[in-house]
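Please have the sequence and the structure at hand while reading.

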Amino acid sequence: MNRTESLNHLREYNDYWDILIIGGGATGLGCAVDSANRGYKTLLLDMADFAKGTSSRSTKLVHGGVRYLQQGDVSLVIEALHERGLLIQNAPHLVSHQSFIVPSYEWWNGPFYGIGMKVYDALAGKLGIKKSKTLSKEEVLEKIPTLEPEGLRGGVIYYDGQFDDSRLAINLAQTAADLGATPVNYMKVNELIKGDSGFIDGVVARDHIHGEEFTIKARAVVNATGIFSDSILKMDDQKHENIIQCAQGIHLVLDKEFLPGDAAIMVPHTDDGRVLFAVPWHGKALVGTTDTPIDKPALEPIALDEEIDFILKHAKEYLTKDPTRKDVKSVFAGLRPLVKPPESKSTSEISRSHHIQISESGLVTIAGGKWTTYRKMAEDTIDRAAMVAGVEFKKTKTKNQRIHGWLKNVDKKDPLSVYGSDRVAIEKIMEENDSMKEELHPGLPYIKAEIVWAIRNEWAQTIEDLLSRRTRALLLDAEAAIEVAPKVAEILAEEFGEDKKWQKQEVKEFLELAKNYVIN
Ligand SMILES: Cc1cc2nc3c(=O)[nH]c(=O)nc-3n(C[C@H](O)[C@H](O)[C@H](O)COP(=O)(O)OP(=O)(O)OC[C@H]3O[C@@H](n4cnc5c(N)ncnc54)[C@H](O)[C@@H]3O)c2cc1C
């Protein structure tokens, strides 16, 4: 589906939607899949692009969360490990098994983390990946030759899942559409409509691209807007007290030479008590993250200098080759939508479990949670939304719902593998003419046909959609993404029938945004 088709569905359907979801991140898209899977007439609206918010800015791990085990949140770990197993089965083209090494520099690290990881393995039950084990110093260095050898005693290897977050988001939008839902990006909800009874009856939304306003009727409205949840709750009740605490996390992207090989590094406890990951991702090394409380939600959060210094300082402690600012190919920041506990806690201690509430007027709000648990969050939300909507209750079947693109045994080293079964359609575009096979940039693993595919079939509207979320160019190498922007604008203009002036404006807007991904 593309955006024009989505808009046409929206215009043509004048009756009540059973479930209307506000927000097209992991949470909202999961809800759309769940609702459509049960056969409900489903509409999803996002004010920006799908996954433009937090859902494209994660550490890209499908994990139980070793850290939550340390914090004693065992039920969250069990739930997340179960969901990890389901996601590996339902999106094998996007989720991979990833080995992690916890290096031991203190005598007690080996036995302590060795036992911890055995518990982690056991909690995964039948959906476990591979058993963890203790490694000698030599075995650790064989797997991670760039790990600091001084003082190293050995380590523990364990396994979790890894994925491409915004690609999964797009595939969820496609899955929802395949099941009959209508996902629309760049459509902001500005108002909730209430009937005489005071119950929510629909929304007023504005198309950001064409400026058209829509009044839409719905039996139940789900607020899945992550860090923006409070703004929708305030539309419902002006006296509403904020429930969301934003916590920023940043990542630095380095060249593969800093982390050659397939294994990732996991440091469970830095000297100031945080968790640090260095993970191989699309031929680069992703290093993060931080946990900085932020007062206001923002769609395009910016990494703070002290966060960049924190990551570099710790990366230097654990790597033989010290990364400097010049080595950073891209920096990106994301805001966690944490639900405030009544008692004040530091953001790193706030639980990552999800929270659902229903207001007196029937607004169903889902907040908190993790990418990994999006399916369970959606199931719990739509269970309640169906009751609010007064539609016939049907159980979800998403545990076995294959995600769009489902394909087993893909070669993960092949850049086109992320498209899974859609790869065939991209190969068809490559046959249209020879230019479609051209690489976009020597430093990026993408070709023109992928851009054309995303414009025609994945709702992409802007250079940023194409370079940040359909491909991951901006996150892998921000300078290269900047260089290739005019070429991408040209392809967009060709597909949309736009002129040179439009292209120039698009490039200008992209450069304004992309400069924040470059460190000087
Ligand atoms: C640094 C970091 C690392 C993380 N790493 C991991 C990890 O490795 N694994 C994991 O499982 N989880 C991870 N997470 C958590 C995970 O990314 C989030 O829990 C998840 O992405 C939140 O998704 P969401 O849909 O709730 O929010 P979002 O993705 O922010 O989506 C909300 C959407 O609502 C839209 N919206 C807002 N207001 C309106 C409106 N008025 N009208 C229409 N649309 C609107 C926004 O445009 C946005 O797209 C990480 C989070 C961070 C910040």
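## Helix H1 and its surroundings

Which strands do the buried residues of H1 pack against? In this predicted model, the buried residues of H1 pack against strand E1 (17-22), strand E2 (42-45), strand E7 (182-184), strand E8 (187-194), strand E9 (200-207) and strand E10 (213-223). The buried residues of this helix, which spans residues 3-12, are Arg3, Ser6, Leu7 and Leu10. They lie on the same side of H1 because the arc that they cover around the axis is only 95°.

The face of H1 that is turned away from this buried side carries Thr4 and Glu12, both of them exposed. Thr4 also takes part in an arrangement at the start of the helix, where its backbone nitrogen has a side-chain oxygen of asparagine 2 within 3.2 Å.

## Helix H8

Helix H8 covers residues 229-236, and its buried residues are Ser229, Asp230, Ile232, Leu233 and Asp236. These buried residues line one face of the helix, because they fall within an arc of 160° when H8 is seen down its axis.

## Domain layout

The domain assignment divides the protein chain into domain 1 (3-54 + 166-242 + 351-400), domain 2 (67-162 + 245-348) and domain 3 (415-517). For domain 1 and domain 3, the centres, taken over C-alpha atoms, are separated by 28 Å.

## The interface of domain 1 and domain 3

How many residues of domain 1 and of domain 3 are in contact with each other? On the side of domain 1 there are 17 residues, and these are in contact with 16 residues of domain 3. The area buried between the two domains is about 1400 Å², and carbon and sulfur atoms give 47% of that area.

Turning to polar interactions, eleven residue pairs are found in polar contact across the interface of domain 1 and domain 3, both residues of each pair being at pLDDT 80 or more. Four salt bridges are also found across this interface. Elsewhere in the list of charged pairs, aspartate 49 forms a salt bridge with arginine 469, with 2.7 Å between the closest N and O atoms. On the side of domain 1 that touches domain 3, the elements that give two or more residues are H1 and helix H7 (165-178). Of these, H7 provides the largest share of that side, namely seven residues.

Definitions and conventions: Residues are numbered from 1 along each chain as its sequence is written. This is a predicted model: local features need pLDDT of at least 70, side-chain atom pairs count only at pLDDT 80 or more; totals for chains, interfaces and linings use all residues. Side-chain values use heavy atoms; hydrogens and water are left out. Buried means under 20% relative accessible area, exposed over 50%, partly exposed in between (1.4 Å probe, protein chains only). Helices (H or I, at least four residues) and strands (E, at least two) are DSSP runs, numbered from the N terminus. The arc is that of the directions from the helix axis to the C-beta atoms. Contact means heavy atoms within 4.5 Å. A polar contact is a pair of N or O atoms within 3.5 Å; within protein, one must be able to donate a hydrogen and the other to accept it, and residues adjacent in sequence count only if both atoms are side-chain atoms. Domain bounds come from an automatic or database domain assignment. Buried area is the accessible area (1.4 Å probe) that two parts lose on being put together, summed over both. A salt bridge is a side-chain nitrogen of Lys or Arg within 4 Å of a carboxyl oxygen of Asp or Glu.
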